[in-house]
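Student: I've just opened a new model and would like to talk it through.
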Amino acid sequence: MSGNILDGVREPVVYPEWMWVAGLILFLIIVAWIVVCLVRWWKSDANRPRGLRDLSAEQRRAYRDNLVQIEVNFSAGEWNESEVHLAVAGLMRALGTERTGRNLESATVAEIRALVPMWPAYVHLMERCVEPSFSGQPTRKWVSTLLESALKVIDQ
């Protein structure tokens with residue numbers, strides 16, 4: 001040991017100027033990428049309503065057949081008005097889910113109104129389906145009107 005402490009200390013590494021420029025360019029690219037990702041996310045149309053999907057003739061026929069079966073069960077006295085009400089609501093929620101591509105099975109009417117503004121007949125029918133059928137006595141006329149409205153929605 002020579003006794004001089006400074007002999008063991010190295011000179012600081014001095015980076016060449018091109019490394020500072022390359023580092024700054026890399027930093028700017030990263031910041032620009034983050035800004036672009038944030039802007040695309042803010043302007044994303046993921047929650048905007050899209051158009052309705054078309055149903056094939058076979059799919060429409062299946063929905064009509066289910067609706068006819070509901071009507072047959074009601075006419076035969078197997079189901080009462082409340083059961084028809086719930087069956088039509090479930091069938092229409094399945095139809096809405098299939099046509100919009102969004103899960104409307106458990107959506108509230110307010111959510112359906114926001115998600116499906118391009119299908120006002122469907123929104124109106126779902127509003128009718130949410131009306132409590134158990135509080136009053138729904139009549140046969142009410143049930144037949146509900147079934148007719150559902151058939152019109154299926155055929156749209």
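Predicted model: local features only at pLDDT ≥ 70, side-chain atom pairs only at ≥ 80, totals over all residues.
Tutor: Start with a term: a pocket is an open set of points on a 1 Å grid where a 1.4 Å probe fits, with protein on both sides within 12 Å along at least five of seven lines. Numbering runs from 1 along each chain as its sequence is written, and side-chain values use heavy atoms, without hydrogens or water.

Student: How much space lies in the largest pocket?
Tutor: Volume here is the space filled by probe spheres set on the grid points. For the largest pocket, that comes to about 160 Å³.

Student: Which helices each supply at least two residues of its lining?
Tutor: Lining residues have an atom within 4 Å of a point. Among those of the largest pocket are Arg-64, Leu-67, Phe-74, Val-143, Leu-147 and Leu-151. Helices are DSSP runs of H or I, at least four residues, and the two supplying at least two lining residues each are H2 (57-75) and H6 (140-155).

Student: How many charged residues are in that lining?
Tutor: Asp, Glu, Lys and Arg count as charged, while Ala, Val, Leu, Ile, Met, Phe, Trp, Tyr, Cys and Pro are nonpolar and the others polar. The lining of the largest pocket has six nonpolar and two polar residues, and its charged residues number four.

Student: Are H2 and H6 roughly parallel or antiparallel?
Tutor: Their axes lie 10 Å apart and form an angle of about 175°. Under 35 degrees counts as roughly parallel and over 145 as roughly antiparallel. That makes H2 and H6 roughly antiparallel.

Student: How many charged residues does the contact of H2 with H6 have?
Tutor: Contact means heavy atoms within 4.5 Å. Arg-60, Arg-64 and Glu-71 of H2 take part, as do Arg-140 and Asp-155 of H6. Beside nine nonpolar residues and no polar ones, the charged count is five.

Student: Is H3 roughly parallel or antiparallel to H6?
Tutor: H3 (residues 81-100) packs on H6 at about 10°, with the axes 11 Å apart. So H3 and H6 are roughly parallel.

Student: How many nonpolar residues make that contact of H3 with H6?
Tutor: Val-88, Met-92 and Leu-95 of H3 are among the residues involved, along with Trp-142 and Leu-146 of H6. One polar and two charged residues belong to the contact too, and the nonpolar ones number eleven.

Student: Which element has the lowest mean pLDDT?
Tutor: The protein averages 80, and 88% of its residues reach 70 or more. Helix H1 (residues 17-42) has the highest mean among the elements, 93, while the lowest, 78, belongs to H6.

How values were computed:
Axes fitted to C-alpha atoms, helices over the stretch in contact; angles between N-to-C directions. Parallel < 35°, antiparallel > 145°, perpendicular 65-115°, else oblique. pLDDT = per-residue confidence, 0-100.
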